[in-house]
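I opened the model today to look up a few things and keep notes. The entries follow in the order I made them.

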Amino acid sequence: MSNYAPLLQPITLPNGIKLSNRFVLSPMTTNSSTKEGHITDEDLRYALRRADSAPLQVTGAAYIEPYGQLFEYGFNISDDDCIPGLRKVAQAMKQNGNKAIIQLAHAGRFSTTAIMNYGKVYGPSSMTLHSPIQHEVEEMSVAKIHEVITQYANATSRAIQAGFDGVEISVAQRLLIQTFFSTFSNQRHDEYGVDTLENRARFGLEVMTAVQKVINDEAPDDFIFGYRATPEETRGNDLGYTVDEFNQHLDWVMDVASIDYLAIASWGRNIYQNKTRTPGKHYGRRVNQVVYEYLDGRVPLIASGGINSPEAALDALENADMVGMSSPFVTEPDFVHKLAEGRVQDIDLHIQPEDLDELAIPHAAFKDIVQMMDYGQGLEKKTRDELRKLEQNYDNK
């Protein structure tokens, strides 16, 4: 077990919170809430079964307005009616003393639900897109940008009222804030436009400033402020932004917000092993390593994406302070306990249909997620296929 000891060492966050080991339950949407995004008994059972999986736990994306809904049947935090249900989720997640974080997100032009419900989505610039169907992206006015900033602040206040131990702002690939930072999707030429790095970063920094103010005014001193982001955007050999630009942006984030961790996230297989395509001295090095060295201990870094074994977790920890897993905790919520007890051979990421009840996996679950699991391949195909079968149960929701 000495080989895995680094994964089981405690760590203290900048705000003084001490975590018992280096594992994080990363965001995973189960698509098991109501159509309106309210919490169900299945949501609660799922959270309770994983309440002791990791000392730091982050919910799937909670949408701050209907136009920002990332996944159908996902968590809603856009109005006060959501607070009672979210309070139950927070209590379930933290029942064993672990820390419950709710992720706040706006899907922007990536909101399939908004496309289906409203026929359009919001983004930094007007354009016509063709996936999943042809639809229009409406350029956000400055007034709309300010409205969304206020929605992030209000959602933070609701998270505090619901009893969560922290919030995480997701700026990962293709979500609204990230698209403003990207030269691929931002084609505007005002104070939020593409012409300077400062302008591209402005919207996200104003969100972080607004959220920090609510935390200062309403949250307890040990409230956790997390930040999830994609450090480099690539399309083939083209770059929407470089890792060097991202690192500069991190400095600005830490100027306006007291973040307690940075979680690196993107799409694809073995994301924690991604190598940078930014020209210059960093080219070909691991993205996580470049960011980790740049942070130089200022805030803990969480690596994620493709970490599904103790060996992969150790590899990721070479360039991180913590490791995040999502898919493995779906099918093996006792992963960390088995590791700590020296029962590595008992860690089993596969499931059979008869396992669903014991694992508290909802009757209709992962409708929007299995295809992403296919992309990342964090679970074996036979396991993904078992989860895929659950989609047929949505006809009865």
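**Entry: Glu318.** I started with Glu318, which sits in the loop between helix H9 (310-317) and strand S16 (322-325). The model is predicted, so I read every position as a prediction. Is Glu318 buried or exposed? Its relative accessibility is 59%, and exposed means over 50%, so Glu318 counts as exposed. Pro6 is 312 residues apart from Glu318 along the chain, yet their C-alpha atoms are separated by 9.9 Å.

**Entry: two positive phi values.** I looked next at backbone angles. Most residues other than glycine have a negative phi. I noted two residues with a positive value.

Tyr73 has phi near 60 degrees, and this residue is not a glycine. I found Tyr73 in the loop between strand S4 (56-63) and S5. Its relative accessibility is 12%, so Tyr73 counts as buried.

Ala360 also has a positive phi, about 55 degrees, and is no glycine either. Ala360 lies in the loop between helix H11 (335-340) and helix H12 (370-376). Its relative accessible area is 15%; the cut-off for buried is under 20%, so Ala360 is buried.

**Entry: helix H1.** I asked which residues of helix H1 (residues 41-49) are buried. They are Glu42, Asp43, Leu44, Tyr46 and Ala47. I noted that two of the names, Glu42 and Asp43, are acidic residues on the buried list. Then I looked for what lies over them. The cover includes strand S5 (75-76), helix H2 (83-93) and helix H10 (327-331).

**Entry: strand S10.** I moved to strand S10 (residues 166-171). How many of its residues are buried? The count is 6 of 6, so the strand is mostly covered. I sorted the side chains by direction. Gly166, Glu168 and Ser170 point one way, while Val167, Ile169 and Val171 point the other way. Both sets are buried.

I then checked the neighbours of S10. Strand S6 (residues 99-105) runs parallel to S10 and is joined to it by 4 bridges. Gln103 has Glu168 of S10 as its bridge partner. Strand S11 (residues 224-229) also pairs with S10 in the parallel sense, over 6 bridges. There, Ile169 has Tyr227 of S11 as its bridge partner.

**Entry: a sheet of 3 strands.** I traced an open sheet with the order S7-S9-S8 and mixed pairing. Which strands form its edges? They are strand S7 (120-123) and strand S8 (127-129), each pairing on one side only. From one strand to the next, the twist averages 35 degrees. I looked at one pair in detail. S7 and strand S9 (residues 135-139) are parallel and share 4 bridges.

**Entry: H4 against H6.** I turned to helix packing. Helix H4 (residues 142-161) and H6 have axes that come within 9 Å and cross at roughly 30 degrees. Angles under 35 degrees count as roughly parallel, so H4 and H6 are roughly parallel to each other. Their crossing is right-handed. I listed part of the contact. On H4 it includes Ile145, Val148, Ile149, Tyr152 and Ile160; on H6 it includes Phe203, Val207, Val211, Val214 and Ile215. By class, I have 12 nonpolar, 3 polar and 2 charged residues in this contact.

**Entry: H6 against H7.** I followed H6 to another partner. Helix H6 (residues 197-218) packs with helix H7 (residues 243-256) at about 30 degrees, and the axes are 9 Å apart. H6 and H7 are therefore roughly parallel to each other. This crossing is right-handed. On the H6 side, the contact is made by Leu197, Glu198, Arg200, Ala201, Leu205, Met208, Thr209 and Gln212. On the H7 side I noted Glu245, Gln248, Trp252, Val253 and Val256. By class, this contact has 7 nonpolar, 3 polar and 3 charged residues.

Technical notes
Residues numbered from 1 in each chain as written. Predicted model: local features only at pLDDT ≥ 70, side-chain atom pairs only at ≥ 80, totals over all residues. Heavy atoms only, no water. Axes fitted to C-alpha atoms, helices over the stretch in contact; angles between N-to-C directions. Parallel < 35°, antiparallel > 145°, perpendicular 65-115°, else oblique. Left-handed = near helix turned anticlockwise from the far one by under 90°. Contact = heavy atoms within 4.5 Å. Nonpolar A, V, L, I, M, F, W, Y, C, P; charged D, E, K, R; others polar. Buried < 20%, exposed > 50% of the residue type's maximum accessible area, 1.4 Å probe, protein only. Pairing = 2+ DSSP bridges.
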